[in-house]
Amino acid sequence: MRTNLNRHLTSPLTLVRNLGILAHVDAGKTTVTERILYLTGATHKRGEVHDGTTVTDFDPQERDRGITIFAAAVSCAWDGHRINLIDTPGHVDFADEVERSLRVLDGAIAVFDAVAGVEPQSESVWRQADRHGVPRIAFVNKLDRAGADLDAAVASIRERLHPAPLVVQLPIGTEDGFTGVVDLLRMRALTWADGSDTATEGPVPDDLRDEAHRRRRHLDEAVAELHPAALEEYCAHAALTERTLADALRDLTRTGDGVVVLCGSAYRNRGIEPLLEAVVAYLPSPLDVPPVRGAVDDAEEERAADPEVPFAALAFKVSATATGRLTYVRVYSGTIRKGQTVWDATAGRRERIGRILRVQADRTSELDLAVAGDIVAVVGLKSARAGSTLCAPEAPLVLEPPTVADPVVSVAVEARTSTDADRLVTALARLVEEDPSLVIRTDPETGQTLLSGMGELHLEVAVEKIRRAHGLPVTVGRPRVSYRETVAKGVTGWTYRHVKQDGGAGQFAQVVLDVQPLDDGGEGMSGTTGFTFRSAVVGGRVPQEYVRAVEAGCRDALAEGPLGGHPVTGLTVILTDGATHVKDSSEMAFRTAGRFALREALRASAMLLLEPVAEVTVTVPEDAMGGVLGDLAARRGRVSGSVTRGGAVVITATVPLAELFGYATRLRSRTQGRGTFTTRPTGYAPAPASSDVG
């Protein structure tokens with residue numbers, strides 16, 4: 001049943017399938033991909049995750065950790081169809097890789113563990129696919145494991161994901177005795193002997209015949225309820241023909257009204273051939289999905305999946321490799337040839353296509369052209385990033401880019417030696433170019449370089465990539481939060497005289513200040529605008545130009561407070577009196593006097609340390625609410641409200657920013673990955689006396 005991988009590029013679009021493999025981590029998604037590549041002849045040896053020999057998990061970190069970190073594109077052929085396949089990560093920290101992949105896919109295989117059923121990240125990627133309207137079929141994997149239960153797994157799909165699961169197979173044997181499946185459409189048995197790569201077709205075993213017929217009737221009824229043509233035939237004949245059932249399953253899959261469910265054991269190479277047949281039969285081709293829509297000036301335009309119309313493609317991944325900078329693109333319309341000039345509509349510049357490559361994970365083969373429906377990599381683009389639109393210069397179009405989630409965790413990174421500082425800047429820039437979900441910024445107060453991402457593992461992988469790919473030793477630490485200081489109880493009549501005489505014109509200025517907390521209804525807690533200054537001087541004892549100089553000096557003094565050198569906020573300074581000298585007074589003298597007067601006045605005042613706080617909105621299952629509330633309390637969080645929405649509880653709390661480091665991982669642990677949270681900085685609040693401000 002194997003076919004030639006190198007089928008001619010200009011195959012009709014009806015024979016193309018662009019699909020992804022989606023699953024929770026460790027559900028067997030990479031093993032499913034490896035078996036597909038092996039059965040289709042794309043590889044000649046079965047790769048194993050535990051041996052580090054898989055094609056798609058080619059990065060050293062993926063092999064060391066035994067998980068998929070980066071989305072990998074491969075291509076294969078089956079039954080005359082070309083299948084462009086993307087193996088996506090299953091860990092929640094790399095959900096942005098899944099998001100970018102789903103943006104360019106036409107269909108997906110959702111892999112579930114037959115023991116665990118729907119797991120937390122299974123639910124997350126399913127919702128992502130819902131948002132993109134990607135049709136799916138389900139593959140319940142690991143039926144050879146102890147405790148495997150197809151019916152329980154299907155029940156969890158129905159209850160937690162809310163599709164209409166349409167089970168088209170019945171397992172033959174249980175757990176270690178699992179040897180094959182009954183195909184309920186054709187009412188035949190497919191079995192695999194130990195060590196065999198292909199299925200043996202035969203009649204349904206006698207002990208399963210009644211159960212197979214019962215399940216077929218149940219399948220007919222379920223499809224008839226969802227599909228008008230099937231309902232008409234079912235009402236007339238009380239059964240569906242194989243052709244009607246197959247057509248209805250295809251329609252229901254492509255509209256999302258039903259999900260075809262298959263089963264097997266990828267590790268033992270059982271059930272992969274029927275899975276490939278289902279991919280070809282049920283998942284859509286580029287012609288079966290709506291034309292891509294893009295913006296032209298202020299209007300919207302459609303581009304059909306046709307090699308003859310103007311070219312339009314979306315870049316969804318950028319990778320630096322030994323062969324150069326690869327930009328992965330999905331071609332939606334038209335044709336592109338190597339050497340051709342295209343328009344980067346996002347950057348607003350022309351680019352030249354140097355080479356076009358068919359990608360097999362970390363291996364490539366050159367192509368002369370790519371047409372609508374293709375997923376390829378191109379070399380030679382300088383400005384394109386993930387989300388960039390490439391199009392024909394004479395027919396510009398801007399496609400909607402994939403969404404990028406806001407980072408939730410940050411660490412400070414710095415080069416171990418000053419000579420490596422420039423290299424670190426270059427390495428970080430390349431890192432962000434390859435992974436848009438990473439954000440680099442410099443804290444203006446601490447001077448630290450902060451690397452932000454989707455979770456601790458995400459950042460750990462990014463830092464390790466800098467070390468390995470660039471040979472650059474870096475130091476990683478928790479970022480220091482930016483504290484503030486404010487006045488709890490001020491002073492009145494604080495007098496400071498500035499006198500300087502060192503030959504020539506001298507300096508003289510005398511000021512009297514009142515310092516008090518800012519009465520602004522809490523606005524001083526914002527940390528940015530909490531300072532007012534006014535003059536109460538009478539009789540012209542301090543000229544107006546010198547008053548402005550005193551204010552400037554006071555603002556200079558706010559840069560460092562007496563508690564720990566943090567910026568000072570939330571105070572009012574009143575200039576009540578002063579004195580001048582007819583020759584030695586100047587704006588500089590009064591600015592200096594204002595600066596030192598306020599510094600001394602703050603040392604004499606009762607000061608309060610402020611820490612940054614954020615409003616945190618946490619969404620968790622109801623059964624995890626108690627543990628989450630307890631954890632928020634342990635982090636000095638103040639809960640301001642909670643509301644129940646559709647089986648989940650949304651908790652709102654104000655939490656010190658310093659206590660949120662590590663919270664993403666902690667929340668996932670307490671909620672089995674089902675909890676999510678967002679943060680919004682709200683200003684500053686008094687810190688406990690024991691706060692470490694160093």
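Helices (H or I, at least four residues) and strands (E, at least two) are, throughout this talk, DSSP runs numbered from the N terminus. What I am showing is a predicted model, in which local features need pLDDT of at least 70 and side-chain atom pairs count only at pLDDT 80 or more, while totals for chains, interfaces and linings use all residues. Residues are numbered from 1 along each chain as its sequence is written, and side-chain values use heavy atoms, with hydrogens and water left out.

Seven strands form an open sheet with mixed pairing, in the order 2-3-1-4-5-11-6, where two strands count as paired if DSSP finds at least two bridges between them. Its edges are strand 2 (72-78) and strand 6 (165-167), each of which pairs on one side only. From one strand to the next the twist averages 30°. Inside that order, strand 5 (residues 136-141) and strand 11 (residues 259-263) pair in the parallel sense over three bridges, and A138 has V261 of strand 11 as its bridge partner.

Next, the loops that follow these two strands. The loop between strand 5 and helix 5 (150-161) contains K142, which is not a glycine and yet has a positive phi of about 65°. In the loop between strand 11 and helix 9 (272-282) we find N269, another residue other than glycine with a positive phi, near 65°. Is N269 buried or exposed? At 1% relative accessibility N269 counts as buried, the cut-offs being under 20% relative accessible area for buried, over 50% for exposed and partly exposed in between, with a 1.4 Å probe and protein chains only.

Further along, P291 is found in the loop between helix 9 and strand 12 (292-296), and with a relative accessible area of 36% P291 is partly exposed. Leaving aside neighbours within four places in sequence, P291 is in contact (heavy atoms within 4.5 Å) with E302, R303 and A304.

Now to a pair of helices. The axes of helix 6 (residues 206-226) and helix 7 (residues 228-237) come within 6 Å and cross at roughly 125°; these axes are lines fitted to C-alpha atoms, for helices over the stretch in contact, and angles run from 0 to 180 degrees between N-to-C directions. That makes helix 6 oblique to helix 7, since angles under 35 degrees count as roughly parallel, over 145 as roughly antiparallel, 65 to 115 as roughly perpendicular and the rest as oblique. On the helix 6 side the contact is made by D220, E221, V223, A224 and L226, and on the helix 7 side by P228, A230, L231 and Y234.

Finally, the later part of the chain. Which residues of helix 14 (residues 625-634) are buried? They are V628, D631 and L632, and because they cover an arc of only 100° around the axis, they lie on the same side of helix 14, the arc being that of the directions from the helix axis to the C-beta atoms. The face turned away from that buried side carries the exposed residues G626, A633 and A634. Just after helix 14, R636 takes a positive phi of about 65°.

Strand 34 (residues 606-621) and strand 36 run antiparallel and are joined by nine bridges, with V620 standing opposite V649 in strand 36. Eight of the nine residues of strand 36 (residues 648-656) are buried, so strand 36 is largely enclosed by the rest of the structure.
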